[in-house]
Amino acid sequence: MGYYLNPDKGNFKLALNSEIYVDKTGLIAATNKLINTQQRYVCVSRPRRFGKSIAMSMLANYYDCEGDPSELFRPFEIFNDPGYEAHQGKYEVISIDIQRFLSEAGGSVEKMVKIIRASLGKELREKFGVAGTKLEKLMEGIHQNQGRSFVVLIDEWDCIFRVKKDAKKEQDIFLDFLRSWFKDRSFIALAYMTGILPI
């Protein structure tokens, strides 16, 4: 378990322990239909406090190859879905929060992208014993040589466009990073991003 790669998934457990929890596991059945298809890139835009981060934590628990979450999901709708076992625990999950990275980078998008690449690259090299520095090349190599595919979860993906409304150059740096990471990449089984910016 890493910090970003197959991270601690306690937020979903906290939600389940809460006095009120609304079963949203039907979302898993919907995302399962998108795995390894042209539609595998999902962007969810909703107002704050609509459970976007909890839903991401739920997806991380379900797809993560480290551990068996069956006891967590047994009481809920998804457990009885015919496709429950097809994708459960089959992927390397990367989960990041763009707003936290931007804060760590002191507001510099260029620095933020470098920190994301370095942080994820370090965890990938440690787990898989691979060499290299470019994030996409590392993931492609892991996919080709070790047969591993990735589910990438990005929270607050739109904070660059909210915080830096008039900074087109910085917005372009971020979009170029996402394009380079995702576009036509066979190692991405599912990319799921959340934010509050209307699309």
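**Buried charges and a helix pair**

Modeller: In this predicted model, Lys 164 has a relative accessible area of 17% and is buried, because the cut-off for buried is under 20%.

Colleague: Where is Lys 164 placed?

Modeller: Lys 164 sits in the loop between helix H9 (159–163) and H10. Leaving aside residues up to four places away in sequence, Lys 164 touches Leu 102, Gly 107, Val 109, Cys 159, Glu 170 and Gln 171.

Colleague: Which side chain joins that of Lys 164 in a polar contact?

Modeller: The side chain of Glu 170 does, at 3.2 Å.

Colleague: Is Asp 97 buried or exposed?

Modeller: The same cut-off, under 20%, applies. Asp 97 has 18% relative accessibility and so counts as buried. Asp 97 belongs to strand E2 (residues 92–97). A polar atom of the Asp 97 side chain is 2.9 Å from the backbone nitrogen of Gln 99. Beyond four places in sequence, Asp 97 touches Asp 155 and Glu 156.

Colleague: How are H7 and H10 oriented to each other?

Modeller: Angles under 35 degrees count as roughly parallel. The axes of H7 (residues 109–128) and H10 (residues 168–182) cross at roughly 25 degrees and come within 8 Å, so the two helices are roughly parallel to each other.

Colleague: Which residues meet between H7 and H10?

Modeller: From H7, Val 109, Glu 110, Met 112, Val 113, Ile 116, Arg 117 and Leu 120 meet Glu 170, Ile 173, Phe 174, Phe 177, Ser 180 and Trp 181 of H10. The residues of this contact comprise 9 nonpolar, 1 polar and 3 charged.

Technical notes
Residues numbered from 1 in each chain as written. Predicted model: local features only at pLDDT ≥ 70, side-chain atom pairs only at ≥ 80, totals over all residues. Heavy atoms only, no water. Axes fitted to C-alpha atoms, helices over the stretch in contact; angles between N-to-C directions. Helix = DSSP H or I, 4+ residues; strand = E, 2+ residues; numbered from the N terminus. Parallel < 35°, antiparallel > 145°, perpendicular 65-115°, else oblique. Contact = heavy atoms within 4.5 Å. Nonpolar A, V, L, I, M, F, W, Y, C, P; charged D, E, K, R; others polar. Buried < 20%, exposed > 50% of the residue type's maximum accessible area, 1.4 Å probe, protein only. Polar contact = N/O pair within 3.5 Å; in protein donor to acceptor, adjacent residues only side chain to side chain.
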